[in-house]
Amino acid sequence: MRRVRAFFGGIHPKEHKESTNSAPIQVLPAPAVVAVPLLQHAGKQAKPLVAKGDEVLKGQLIGEADGRISAHVHSPVSGTVTAVQPRPSASGRSVMCVVIENDGQDRWVEREGHPDPVQLDAATIVQRIEQAGIVGMGGAGFPTAPKLTPPKGARIDYLLINGCECEPYLTADHRLMVEYAEEIILGAKLMAKACGARKIIIGVEDNKPDAIAALREKAGAIEVVALATRYPQGGEKQLIQALTGREVPSKGLPFQAGCVVQNVGTAWAVAKALRDGEPLISRVVTVTGSAIANPQNFWVPIGTSFQDVLDAAGGFSQTPGKVVAGGPMMGGAQFSLDVPVTKCTSGILAFGVDESKTPDSLPCIKCARCVDVCPANLLPLKLEAYGMNEQWDNAREYGALDCIECGCCTYICPSKRPLLHYIRFAKAEILARETH
Ligand code: SF4
Ligand code: SF4
């Protein structure tokens with residue numbers, strides 16, 4: 001298989017995907033109660049359209065996007081709204097949720113699909129994507145419609161579809177590519193039409209040969225490229241570099257390099273919305289890790305609690321030391337299992353107590369290994385020091401805002417220094433000062 005070279009820097013952590021990469025996606029029935037967050041995307045929280053006591057249908061709009069960078073939210077079940085209240089979320093913050101008691105009847109709203117949606121014009125495609133509440137499903141959750149409408153005058157040469165899934169343990173995108181290649185190809189064509197891209201390229205790491213084969217079988221004129229397996233190959237800027245040789249300017253956006261990047265999950269959601277008229281109300285979640293009894297990939301209704309998903313995977317096989325939402329490199333540790341799955345929850349991982357211990361950090365030995373692996377070409381050891389010593393101007397000058405939070409520096413550091421922790425701290429402070 002021809003392999004494209006990767007990007008600058010990066011690491012190759014142990015993959016740990018073997019427990020679930022050939023496990024077909026199982027459908028998790030909707031639970032008795034869902035708590036659907038009104039903020040599960042980048043930007044502003046959606047405005048609630050329902051109140052306690054209201055009856056809702058599956059697929060009904062229950063939260064309306066508030067401005068351009070926001071997203072609609074729909075009910076994943078039919079039933080009765082029992083509360084609209086703040087609830088804990090996987091991000092650690094409390095988020096307003098619509099709590100719905102499922103009536104088990106699966107009564108849908110009227111769905112308006114299209115037998116051949118590629119015939120629709122670009123504006124209609126964007127409008128339907130917006131109406132379906134679609135956001136980037138690779139993790140960041142940026143609303144898809146504005147990403148497909150770059151500023152006037154910007155020329156988009158490439159729509160790049162990200163099928164890398166470079167985080168260890170996660171296999172949700174992998175299984176989606178194997179089992180839903182047709183939808184992903186359709187979604188890619190629709191998004192290319194929406195943003196005016198001249199060429200579509202799908203990038204998949206070469207540790208997923210079955211996914212590459214499945215996509216190529218349906219791809220037609222779309223190029224499916226096998227990329228070297230290297231973390232963080234799926235980072236937007238890294239993918240652009242690997243697939244087109246172009247570089248996004250510092251603090252810039254992909255459209256400045258003539259590219260729009262979307263995840264394979266997003267492509268699937270776009271196809272479901274345009275072809276079948278279904279909004280984004282479920283997603284694939286990988287449940288795995290040493291403390292999970294039966295690791296699996298599930299179709300999970302949005303708003304299902306982590307506890308319900310873990311129960312479906314047989315619960316814990318040993319006392320967990322850590323439960324993580326997302327991958328082990330960029331995901332966040334959880335303090336409660338009573339948090340809902342969102343449009344961005346790619347995985348729920350649980351690890352035993354020994355694996356979860358945070359190592360004691362030692363002084364920096366100036367080995368520069370963190371510099372060698374940083375895909376953003378930064379000096380992580382300097383940024384860590386600036387963050388620790390609250391030197392925000394220095395952190396800014398040394399490019400803290402260009403950090404993509406991949407965690408490669410922390411992973412490689414022989415002194416086990418919490419580099420990313422302090423860099424995130426510095427980024428948050430810089431951004432807070434800029435907005436005040
Ligand atoms: S500084 Fe940021 S971008 Fe560079 S390796 Fe560390 S986390 Fe990744
Ligand atoms: S990898 Fe760790 S020890 Fe080496 S220079 Fe970076 S911070 Fe220092």
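Two strands are taken to pair if DSSP finds at least two bridges between them, and the elements themselves are DSSP runs numbered from the N terminus, with helices (H or I) of at least four residues and strands (E) of at least two. The structure is a predicted model, in which local features need pLDDT of at least 70 and side-chain atom pairs count only at pLDDT 80 or more, whereas totals for chains, interfaces and linings use all residues. Residues are numbered from 1 along each chain as its sequence is written, while chains are lettered from A and ligands numbered from 1 in the order in which they are written.

On this basis, 4 strands form an open sheet with parallel pairing, in the order β11-β10-β9-β12. Strand β9 (residues 158-163) runs parallel to β12 and is joined to β12 by 5 bridges, with L159 standing opposite V260 of β12.

Two helices lie across strands of this sheet. Helix α4 (residues 181-195) lies across β9, β10 (199-205) and β12, and runs at about 145 degrees to β9, whereas helix α7 (residues 264-276) lies across β9 and β12, at about 80 degrees to β12.

Antiparallel pairing is found elsewhere in the chain. An open sheet of 3 strands has the order β3-β5-β6, with antiparallel pairing, and its edge strands, β3 (47-48) and β6 (73-74), each have a single partner strand, so one side of each is left without a neighbour in the sheet. Strand β5 (residues 61-64) is joined to β6 by 2 bridges, and G63 stands opposite V73 in β6. Strand β8 (residues 94-102) pairs with β2 (residues 33-37) in the antiparallel sense over 5 bridges, V36 having V98 of β8 as its bridge partner. Strand β7 (residues 79-88) is also antiparallel to β8, to which 9 bridges join it, and the bridge partner of P86 in β8 is M96. The hairpin of β7 and β8 has 5 residues between the strands, and in this hairpin G92 takes a positive phi near 95 degrees.

Burial was assigned by counting C-beta atoms placed from the backbone: a residue is buried if 20 or more other C-beta atoms lie within 10 Å of its own, exposed if 12 or fewer, and partly exposed in between. Of the 8 residues of helix α3 (residues 172-179), 7 are buried, so this helix is largely enclosed by the rest of the structure; the buried residues are A172, D173, H174, R175, L176, M177 and V178. N21, which lies in the segment before β1 (26-27), is buried as well, with 22 other C-beta atoms within 10 Å. Residues up to four places away in sequence not being counted, N21 touches T171 and H174, contact requiring that the C-beta atoms of two residues, placed from the backbone, lie within 7 Å. N21 and D121, by contrast, are 100 residues apart in sequence and 37 Å apart in space, C-alpha to C-alpha.

The protein chain is divided into domain 1 (117-276) and domain 2 (369-434), with bounds that come from an automatic or database domain assignment. The centres of the two domains, taken over C-alpha atoms, are separated by 28 Å, and 7 residues of domain 1 are in contact with 7 residues of domain 2. On the side of domain 1 that touches domain 2, the residues divide into 2 nonpolar, 3 polar and 2 charged, where Ala, Val, Leu, Ile, Met, Phe, Trp, Tyr, Cys and Pro count as nonpolar, Asp, Glu, Lys and Arg as charged, and the others, Gly among them, as polar.

Two ligand shells were also examined, a residue being near a molecule or strand if its C-beta atom, placed from the backbone, lies within 6 Å of it. Ligand 1 is surrounded by 16 residues, of which C374, C403, C406, C408 and C409 are the closest. Two or more residues of this shell come from each of α12 (408-412) and α13 (419-434), and α13 gives the most, with 3 residues. By class, the shell around ligand 1 divides into 14 nonpolar, 1 polar and 1 charged residue. Around ligand 2 there are 14 residues, with C364, C367, C370, L381 and C413 coming nearest, and this shell has 10 nonpolar, 1 polar and 3 charged residues.

Methods:
Axes are lines fitted to C-alpha atoms, for helices over the stretch in contact, and angles run from 0 to 180 degrees between N-to-C directions.
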